[in-house]
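Have your viewer ready, and try each task before reading its solution.

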Amino acid sequence: MTITGKPDEILPTSVRTEALEQLLTERGLIDPEVVDGIITEYETNVGPLNGAKVVAKAWTDPEYRQRLLQDGTAAIKELGFSGPMGWHIVVVENTPTTHNVVVCTLCSCYPWPVLGLPPSWYKDPAYRARVVKEPRAVLSEMGLDLEDDVQITVRDSTSEVRWLVLPERPAGTEHLTEEELVPLVSRDSMVGVAKVEAS
Ligand code: FE
């Protein structure tokens, strides 16, 4: 692919990404088949179910919860989940009085081994810019209304640190087993833009 255009012309991200991939391939720095394989793996096999398993275990095993909050990457690896975009995952806990919500203000950094690929709204420049400045309003627009006395902390993911939210276990789920809790845990609750509902 050849890219022409005025130097100050900003090309769409997809074009720039393709150009970069081609350049890296030409220089022998990456193998396009490996890149395609990674994308397929994360599109089809790895999704938020891994994160849901981590959350359900933390809800039912207090010692695991403690390890998870102390060293997220290691505790997540205990369940067999690790890999690219997940070498340093930090887990923060939502409680009735404190709420964490995750963003990547620069691009779309996201903990792939536990959540798969990021949803489009997570990559949206409007979400990335606004959630930092007015998190309560953005969360409300996304359907999550928090009480005024709940303290909101916005966690900015980077290529070094990727955040995962441990959502609150909803009331009315005390009788459920770890396996039964897994399907309740939504992707959005682990990014902090939703709560987990009891059913
Ligand atoms: Fe990013």
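Below come the ground rules, then the exercises with their solutions.

This is a predicted model, in which local features need pLDDT of at least 70 and side-chain atom pairs count only at pLDDT 80 or more, while totals for chains, interfaces and linings use all residues. Residues are numbered from 1 along each chain as its sequence is written, and side-chain values use heavy atoms, with hydrogens and water left out.

**Exercise 1.** Describe how domain 1 and domain 2 meet.

*Solution.* 
Step 1: Domain 1 covers 13-43 and domain 2 covers 46-191, as given by an automatic or database domain assignment. Their centres, taken over C-alpha atoms, lie 28 Å apart.

Step 2: Find the contacts (heavy atoms within 4.5 Å). Here 5 residues of domain 1 touch 7 residues of domain 2.

Step 3: By class, the domain 1 side has 3 nonpolar, no polar and 2 charged residues.

Step 4: Look for salt bridges (a side-chain nitrogen of Lys or Arg within 4 Å of a carboxyl oxygen of Asp or Glu). The count between the two domains is 0.

**Exercise 2.** Which atoms coordinate the iron ion?

*Solution.* 
Step 1: Collect the donors (N, O and S atoms within 2.8 Å of the metal, or 3.2 Å for Na, K and Ca). They are C104 (SG), C107 (SG), S108 (N), C109 (N) and C109 (SG), at 2.1 to 2.8 Å.

Step 2: Read the spacing along the chain, which is C-x2-C-S-C.

Step 3: Check accessibility (buried under 20% relative accessible area, exposed over 50%, partly exposed in between; 1.4 Å probe, protein chains only). C107 counts as partly exposed because its relative accessibility is 36%, and S108 counts as partly exposed at 25%.

How values were computed: Nonpolar A, V, L, I, M, F, W, Y, C, P; charged D, E, K, R; others polar.
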